[in-house]
Amino acid sequence: MEISGNAHQISEIIDEIEEKHAQIGAQNDAQNDAPSKQNIELLENWRKSTHWGQVIMGPPGAGKTTYCKAMKKVMPELRVNSRQVCWINLDPANDIPPPKSVDDETIRPDIDISDLVCLEDVMENTGLGPNGGLLHCMDIIFNNIEWLTNKLLTKYSKHYLLFDIPGQVELNTQNHSSLKKIVDELSYRKTLDIRLAAVHLVDATYCIDPSKYLSAIMVSLSTMIHMEMPHVNVLSKLDLAEQNDADFDLEFYTDLFDLDRLLDQDNRVMSKRHRRFLERIAEIITDYSLVKFIPMSIQSVESLEKVVQACDVSNGFFSVEGGAATSAMQLPQGYDSEYIREMQEKFGF
Ligand SMILES: Nc1nc2c(ncn2[C@@H]2O[C@H](COP(=O)(O)OP(=O)(O)O)[C@@H](O)[C@H]2O)c(=O)[nH]1
Ligand SMILES: [Mg+2]
């Protein structure tokens with residue numbers, strides 16, 4: 001009896017201690033989760049203006065990082081709606097060497113995710129390969145999103161934000177949801193509320209191969225469906241494509257009005273059924289005007305400006321901030337040929 005009485009008391013004491021620990025834990029969690037006074041002030045300051053930006057997507061090598069670097073130079077100099085750019089590298093595999101000296105003026109990301117997570121370390125610690133490791137890195141970024149938001153709040157409340165995303169197609173087209181969750185968090189109305197446009201780059205050299213080109217269009221479509229954002233499709237590296245002999249003129253590849261004609265030029269041997277399948281896909285894309293592209297070459301400042309223009313139309317910048325835009329494909333008033341020549345001379349890459 002005595003023993004069981006003691007046992008009863010002991011178990012009551014243990015319950016009591018556990019309950020106390022749980023309460024202390026909950027208090028600590030609440031304290032840790034509670035935003036600091038400084039963060040509240042930063043957020044209040046941030047929310048005094050509307051914030052704009054782009055999420056740059058597209059397969060590896062499509063030109064995402066080159067585009068961000070070019071925009072960082074060109075955007076502050078635009079005649080209409082010039083803006084300072086903050087380039088955020090969200091690709092842990094983007095190998096950007098540190099400055100060689102104090103005078104080294106190579107453009108680097110303002111925020112580099114490699115300071116938070118390193119792909120090589122993740123692969124070593126988890127035993128994952130490069131692809132799995134990268135998906136894991138995106139989970140880590142989402143779980144530490146305050147690291148990113150704090151940096152933005154502290155230093156970049158006046159900047160136009162360019163997010164340079166890894167090229168792995170599964171991030172923006174399939175079930176892996178961390179990228180989408182990161183974008184949702186950044187654009188969530190009750191927090192940073194950044195008005196983002198997706199800029200999806202497709203290498204223009206794919207145009208000369210009908211199946212590659214159709215597949216690229218399908219990837220653009222999947223990205224549009226998965227990311228649910230204002231979306232601008234871009235045919236990048238146009239200068240390289242122009243060196244090849246294409247079967248159609250540029251409008252054919254950008255406006256996609258008669259896409260089924262693409263297959264008339266495809267002389268490869270393929271089964272009738274497969275050809276019919278490709279024709280059907282082409283018909284659907286044309287009939288419903290699902291995808292259009294803006295042609296861009298990094299050497300042409302005018303083409304860069306057209307992409308900015310299309311983003312400003314798609315995410316509502318012009319409606320909120322005002323501006324001289326007429327349509328996504330036209331440049332605003334003031335962009336005369338003299339100005340374009342000046343900009344080209346100054347920034348021709
Ligand atoms: N000729 C030409 N090369 C480009 C253009 N854009 C990017 N590149 C080159 O394409 C390669 C891959 O570009 P990068 O920006 O690293 O692609 P990312 O993997 O999408 O970030 C680099 O060698 C760039 O110099 C362009 O418009 N024209
Ligand atoms: Mg890159």
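User: How many bridges join strand 1 (residues 51–57) to strand 5, and in which sense do the two run?
Analyst: This is a predicted model, in which local features need pLDDT of at least 70 and side-chain atom pairs count only at pLDDT 80 or more, while totals for chains, interfaces and linings use all residues. Residues are numbered from 1 along each chain as its sequence is written, and chains are lettered from A and ligands numbered from 1 in the order in which they are written. Helices (H or I, at least four residues) and strands (E, at least two) are DSSP runs numbered from the N terminus, and two strands pair if DSSP finds at least two bridges between them. For strand 1 and strand 5 the sense is parallel, and the number of bridges is seven.

User: Which residue of strand 5 is the bridge partner of Met-57?
Analyst: Met-57 falls within strand 1, residues 51–57. Its bridge partner in strand 5 is His-200.

User: How many residues of strand 5 (residues 194–203) are buried?
Analyst: A residue is buried if 20 or more other C-beta atoms, placed from the backbone, lie within 10 Å of its own, exposed if 12 or fewer do, and partly exposed in between. Strand 5 has 10 residues and is mostly covered. The number buried is nine.

User: What is the order of the strands in the open sheet?
Analyst: The sheet has seven strands with parallel pairing. Strand 3 (111–112) and strand 7 are the edge strands, each pairing on one side only. The order is 3-2-4-1-5-6-7.

User: Which strands does helix 13 touch where it packs on the sheet?
Analyst: Contact here means that the C-beta atoms of two residues, placed from the backbone, lie within 7 Å. Angles run from 0 to 180 degrees between N-to-C directions, with axes fitted to C-alpha atoms, for helices over the stretch in contact. The direction of helix 13 makes about 165° with that of strand 6. The strands touched by helix 13 are strand 1, strand 5, strand 6 and strand 7.

User: Which residues on the two sides of strand 4 are buried?
Analyst: In a regular strand the side chains alternate between the two faces of the sheet. Five of the five residues of strand 4 are buried, so strand 4 is largely enclosed by the rest of the structure. Both faces are covered, with Tyr-160, Leu-162 and Asp-164 on one side and, on the other, Leu-161 and Phe-163.

User: Which residue of strand 4 stands opposite Ile-56?
Analyst: Strand 4 (residues 160–164) is joined to strand 2 (residues 85–89) by five bridges, and the two run parallel. Strand 4 also pairs with strand 1, in the parallel sense over four bridges. Opposite Ile-56 stands Asp-164.

User: Is Lys-237 buried or exposed?
Analyst: Lys-237 lies in the loop between strand 6 and helix 10. Lys-237 has a positive phi of about 60° although it is not a glycine. Because 23 other C-beta atoms lie within 10 Å, Lys-237 counts as buried.

User: Which residues come nearest to ligand 1?
Analyst: A residue is near a molecule or strand if its C-beta atom, placed from the backbone, lies within 6 Å of it. There are 15 residues around ligand 1, and helix 3 gives the most to this shell, with three. Those that come nearest are Gly-63, Lys-64, Thr-65, Thr-66 and Ile-298.

User: How many residues of the shell around ligand 1 are charged?
Analyst: Ala, Val, Leu, Ile, Met, Phe, Trp, Tyr, Cys and Pro count as nonpolar, Asp, Glu, Lys and Arg as charged, and the others, Gly among them, as polar. The shell holds four nonpolar and eight polar residues. The charged residues number three.

User: At what angle do helix 4 and helix 5 pack?
Analyst: Angles under 35 degrees count as roughly parallel, over 145 as roughly antiparallel, 65 to 115 as roughly perpendicular and the rest as oblique. Helix 4 and helix 5 are therefore roughly perpendicular to each other. Their axes lie 9 Å apart, and the angle is about 110°.
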